[in-house]
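The sequence and structure are shown first.

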Amino acid sequence: MKTYDIAVIGGDGTGPEVIREAVKVLDAATKKFNLKLNYTHYDIGGARYLKTGEVLPDSVIAELRKFPAILLGAIGHPDVKPGILEKGILLRLRFELEQCINLRPVKLYDERFCPLKDKKPEHIDFVVVRENNEGLYTGAGGFVFKGTPNEIAVQESVNTRRGVERCLRFAFEFCRKRDRDKKLMLCGKTNVLTYAFDLWERAFHEIGQKEFPEIKRDYAHVDATCMWFVKNPEWFDVIVTDNMFGDIITDLGAMIQGGMGIAAGGNINPQGTSMFEPIGGSAPKYTGQGVINPLAAICAGQMMLDFLGEPKAAQAIETAVIKIVRDRIKSLAAGKMGYSTSQVGDLVAAAV
Ligand code: IPM
Ligand code: MN
């Protein structure tokens with residue numbers, strides 16, 4: 001029997017609740033396909049930080065490196081100043097484990113849940129490849145004259161040839177494998193960010209022309225991309241973009257696919273430890289009430305199986321999710337699903 005070791009970080013707020021359901025569904029799928037997942041749970045998050053002062057011990061990072069995949073619930077605690085846990089846990093894991101790609105599918109499963117008029121599942125099915133290790137997220141920058149009227153705050157966007165190229169190559173390969181419209185769009189801001197996106201645009205066309213001649217190349221500014229997400233989402237196949245723009249456009253993407261209750265993503269290290277997570281936050285106000293939607297976490301589990309090289313088991317989860325979303329769920333929003341968190345997990349597991 002094929003076995004995979006999986007690290008599980010429930011994290012903060014509703015994170016552990018949704019991860020419980022993801023594990024329930026993963027267990028149903030792996031059983032069906034004669035696979036086994038061995039879970040190791042880690043209690044990192046806001047609660048541990050408040051109790052012990054530890055954010056993410058180096059020893060835990062060293063252990064996590066040994067796993068092919070991590071399943072993550074959510075990071076973010078109302079009693080911890082914003083930035084400490086996000087930077088200290090989530091971003092540190094993305095950086096130190098060199099999860100250089102953040103893969104975020106935007107797929108509408110049922111038109112009832114799309115806020116856009118007349119848009120159906122056949123109109124909304126694309127993938128955003130977000131660079132995940134560079135850009136404005138590296139923490140480069142600083143203050144001068146902090147706290148005085150003359151203070152200066154500089155936040156630098158870091159774009160290395162190596163980082164940009166590996167992200168672009170991943171996106172081209174992904175587009176080739178996806179085999180839909182064979183269309184890759186670079187989302188940037190070449191009219192203002194004339195250094196960063198000059199590099200991106202040159203590398204995009206060089207690599208595309210030489211290594212992926214069959215993939216159509218397209219470019220749009222990030223503001224126009226937002227406009228088209230709303231107006232013509234059917235135009236998109238695969239989009240590649242930097243870390244900050246990818247962060248922003250995927251929240252908009254999540255809304256047009258039905259909301260944070262369904263949106264999942266993967267932080268990918270193609271050669272190492274990847275980490276899969278619902279893209280929404282810890283939703284602390286719903287903690288412990290059993291009302292949060294676990295589908296995003298379940299879909300994160302599905303992406304994880306796919307990346308582990310188990311596409312059939314992954315497909316079984318997606319098919320089950322689609323069925324439950326279309327036939328049972330009343331709303332994808334917390335508290336309005338018509339079922340509790342664990343009932344939704346039960347429904348999907350049974351459908352698998
Ligand atoms: C996301 C989140 C994170 C990000 C935050 C929590 C640091 O918004 O995964 O999109 O900005 O990447
Ligand atoms: Mn975000």
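A polar contact is a pair of N or O atoms within 3.5 Å. The model is predicted, and the distances below are computed from it.

In Y137, a polar side-chain atom lies 2.6 Å from an oxygen atom of ligand 1. For R94, a polar side-chain atom is placed 2.7 Å from an oxygen atom of the ligand. The side chain of D247 has an N or O atom 2.8 Å from an oxygen atom of ligand 1. On its own, ligand 1 has 320 Å² of accessible area, and the protein covers 76% of this.

## Shell and pocket

The residues around ligand 1 are E86, L90, R94, R104, R130, Y137 and D247. Sorted by class, this shell holds five charged residues, two nonpolar residues and no polar ones. Helix α4, spanning residues 84–96, gives the most to the shell, with three residues.

Ligand 1 takes up the space of the second largest pocket.

## Residue N232

Where is N232 placed? N232 is in the loop between α7 (222–231) and β10 (238–241). Its side chain is joined to the side chain of K231 by a polar contact of 3.4 Å.

Is N232 buried or exposed? Buried means under 20% relative accessible area. N232 has a relative accessible area of 12%, so N232 is buried.

Technical notes
Residues are numbered from 1 along each chain as its sequence is written. Chains are lettered from A and ligands numbered from 1 in the order in which they are written. This is a predicted model: local features need pLDDT of at least 70, side-chain atom pairs count only at pLDDT 80 or more; totals for chains, interfaces and linings use all residues. Side-chain values use heavy atoms; hydrogens and water are left out. A residue is near a molecule or strand if one of its heavy atoms lies within 4 Å of it. A polar contact is a pair of N or O atoms within 3.5 Å; within protein, one must be able to donate a hydrogen and the other to accept it, and residues adjacent in sequence count only if both atoms are side-chain atoms. Accessible areas come from the Shrake-Rupley method with a 1.4 Å probe; for residues, only the protein chains shown count as cover. On a 1 Å grid over the protein atoms alone, a cavity is a set of points where a 1.4 Å probe fits but cannot get out, and a pocket is an open set with protein on both sides within 12 Å along at least five of seven lines; lining residues have an atom within 4 Å of a point. A molecule sits in a cavity or pocket if more than half of its atoms lie within 2 Å of its grid points. Helices (H or I, at least four residues) and strands (E, at least two) are DSSP runs, numbered from the N terminus. Ala, Val, Leu, Ile, Met, Phe, Trp, Tyr, Cys and Pro count as nonpolar, Asp, Glu, Lys and Arg as charged, and the others, Gly among them, as polar. Buried means under 20% relative accessible area, exposed over 50%, partly exposed in between (1.4 Å probe, protein chains only).
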